[in-house]
Amino acid sequence: METQRLSPSQALHWFAGVLVVATLVLIGVGALVTSTESGMSVPDWPTSFGYNMFSLPFARWAGGVLYEHSHRLAASAVGLLTIVLVGWIWLREGRSWLRWAGASALLLVVLQGVVGGLRVVWVADRLGILHAALAQGFLALVAVIWLATSAPLWHPGGGNFPRKSASSHLPSWIPGALLSLCLLLYLQLLVAAAMRHAHAWLSIPDFPTAYGHLWPHITEADLAQINAQRMARSIAPTSLFQIHLQLVHRGLALLIFLFALAIASGVAGKDRPGALRRTMAWFLALTVVQVALGAFVIWSGKSVVPTSLHVLLGAGLFLLAVLGTGIAYRHRWLASKEALAGRKSPIGGTGKECPV
């Protein structure tokens with residue numbers, strides 16, 4: 001029985017792309033909420049000042065309410081898009097793993113909304129860390145769906161195994177390295193969320209040094225002096241935990257850059273997958289921009305614009321790493337199938353379509 005031909009719908013792929021962009025917009029609006037400290041500007045949930053969320057009078061959209069309520073509406077839009085995407089996948093797609101990926105995305109977005117609501121109802125700032133973690137996980141999942149519905153990226157050989165695939169020239173360590181890069185970035189995003197919700201953004205007021213050193217040793221006596229200076233400038237006191245959290249954030253940033261540099265060198269060359277080369281080139285370029293934004297966050301005293309862009313670009317880098325990982329593992333899988341097909345048919349190729 002001939003394997004059923006997979007012809008991913010271009011419309012479905014584009015719709016998944018819209019959801020990816022909408023998720024990034026949602027994360028950006030969420031960054032504005034935290035950067036402007038507007039998290040509790042609307043004190044009730046699921047209503048907004050007693051109104052249905054979608055009927056809040058525009059007269060109430062002022063100050064922090066504008067950011068917080070816009071975040072709720074953006075989240076509702078992402079939820080609606082997710083419902084449509086999941087229904088489309090179950091009706092259109094024959095790949096069972098993709099169907100369950102869609103169902104998992106729907107579960108995540110519902111859980112994300114509930115956690116965000118409970119953060120308001122319970123006035124539990126620490127739930128914001130879990131809220132951020134779920135947001136990044138959802139972004140990764142919809143990115144994989146977008147990738148899997150892309151004909152040129154998921155089926156580079158047009159559905160048939162190419163006789164000379166660039167995937168066969170991909171170093172064996174690249175997929176695992178990219179997966180490790182994703183894990184490092186996810187950890188970095190969690191550390192950043194912990195910093196935001198522990199109000200540790202400016203626990204270290206200088207950059208690239210930290211209190212004049214690359215890695216300072218701060219005692220309790222030093223901390224008392226630091227807090228005395230902060231109080232004199234009407235800045236909230238900090239703690240050793242908050243200072244160390246920001247040091248870890250900086251150390252992870254350096255590790256991520258070096259890791260990405262090694263991967264980029266490993267995928268350089270015309271015999272490597274072009275999509276992977278472009279992805280890593282963008283990753284390195286945007287990492288430089290991200291470091292610059294992080295510096296401006298400190299130099300500007302946590303100004304809203306660079307702080308929000310720093311959060312948004314962090315999600316964008318994670319998105320690129322997820323896509324790069326998916327592309328690398330897909331190419332390795334195609335290479336193994338091509339080798340298997342070559343062993344079964346000396347002429348080269350089985351003439352059958354790729355089933356996943």
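What follows is a short chat about the fold, the helix packing and a few backbone details.

Mentor: Keep in mind that this is a predicted model.

Trainee: What is the mean pLDDT, and what share of residues reach 70 or more?

Mentor: The mean is 87. Of the residues, 89% reach 70 or more.

Trainee: Okay. How many helices and strands are there?

Mentor: Ten helices and zero strands. From the N terminus the order reads α-α-α-α-α-α-α-α-α-α.

Trainee: How much of the protein is buried?

Mentor: Buried residues account for 48% of the 356.

Trainee: And the contacts? What share join residues at least 24 apart?

Mentor: Counting contacts between residues at least 6 apart in sequence, 77% join residues at least 24 apart.

Trainee: Let's take α2. What span should it have, and what does the model give?

Mentor: Helix α2 covers residues 64-92, which is 29 residues. At 1.5 Å a residue it should span 42 Å. Its end C-alpha atoms are 42 Å apart, so the two agree.

Trainee: Which of its residues are buried?

Mentor: Quite a list. Among them are Val 65, Glu 68, His 69, His 71, Arg 72 and Ala 74. Further along α2, the buried ones include Val 78, Gly 79, Thr 82, Leu 85, Val 86 and Ile 89.

Trainee: What covers them?

Mentor: The cover includes α1 (10-35), α3 (96-121) and α4 (127-148).

Trainee: How do α2 and α4 pack?

Mentor: At an angle of about 35 degrees, with their axes 13 Å apart. The crossing is left-handed. On the α2 side, the contact is made by His 71, Val 78, Thr 82, Leu 85 and Ile 89. On the α4 side, it is made by His 131, Phe 138 and Ile 145.

Trainee: Switching to α8 and α9. At what angle do they cross?

Mentor: Roughly 160 degrees, and the axes come within 10 Å. Helix α8 is residues 240-266, and helix α9 is residues 274-299.

Trainee: Why call them roughly antiparallel?

Mentor: Angles over 145 degrees count as roughly antiparallel. The pair is therefore roughly antiparallel. The crossing of α8 and α9 is left-handed.

Trainee: Which residues meet there?

Mentor: From α8, they are Gln 246, Arg 250, Ile 256, Phe 257, Ala 260, Leu 261, Ile 263 and Ala 264. From α9, they are Met 280, Phe 283, Leu 284, Thr 287, Val 288 and Ile 298.

Trainee: Now α6. How many of its residues are buried?

Mentor: 17 of its 24, so mostly covered, since buried means under 20% relative accessible area. Helix α6 runs over residues 174-197. It reaches 35 Å from first C-alpha to last, close to the 34 Å expected.

Trainee: I was looking at Gln 188 in there. Buried or exposed?

Mentor: Gln 188 counts as buried, at 9% relative accessibility.

Trainee: What is it in contact with?

Mentor: Leaving aside neighbours within four places in sequence, Gln 188 contacts His 249, Leu 252, Ala 253 and Ile 256. Ile 256 also takes part in the meeting of α8 with α9.

Trainee: And Leu 187?

Mentor: Leu 187 is partly exposed, at 42% relative accessible area. Its C-alpha is separated by 8.5 Å from that of Leu 252, which is 65 residues apart along the chain.

Trainee: Backbone next. Which peptide bonds are cis?

Mentor: One joins Trp 45 and Pro 46, with omega about 10 degrees. Pro 46 sits in the loop between α1 and α2. Another joins Phe 207 and Pro 208, with omega also about 10 degrees. Pro 208 is in the loop between α6 and α7 (220-232).

Trainee: Which residues other than glycine have a positive phi?

Mentor: Glu 37 is one, with phi near 55 degrees. It lies in the loop between α1 and α2 and counts as exposed at 57% relative accessibility. Val 123 is another, with phi near 50 degrees. Val 123 is in the loop between α3 and α4, and it is exposed at 59%.

Notes. Residues are numbered from 1 along each chain as its sequence is written. This is a predicted model: local features need pLDDT of at least 70, side-chain atom pairs count only at pLDDT 80 or more; totals for chains, interfaces and linings use all residues. Side-chain values use heavy atoms; hydrogens and water are left out. Helices (H or I, at least four residues) and strands (E, at least two) are DSSP runs, numbered from the N terminus. The expected span of a helix is 1.5 Å times one less than its number of residues. Buried means under 20% relative accessible area, exposed over 50%, partly exposed in between (1.4 Å probe, protein chains only). Contact means heavy atoms within 4.5 Å. pLDDT is the predictor's confidence in each residue, from 0 to 100. Axes are lines fitted to C-alpha atoms, for helices over the stretch in contact, and angles run from 0 to 180 degrees between N-to-C directions. Angles under 35 degrees count as roughly parallel, over 145 as roughly antiparallel, 65 to 115 as roughly perpendicular and the rest as oblique. A crossing is left-handed if the near helix is turned anticlockwise from the far one by less than a right angle, and right-handed if clockwise.
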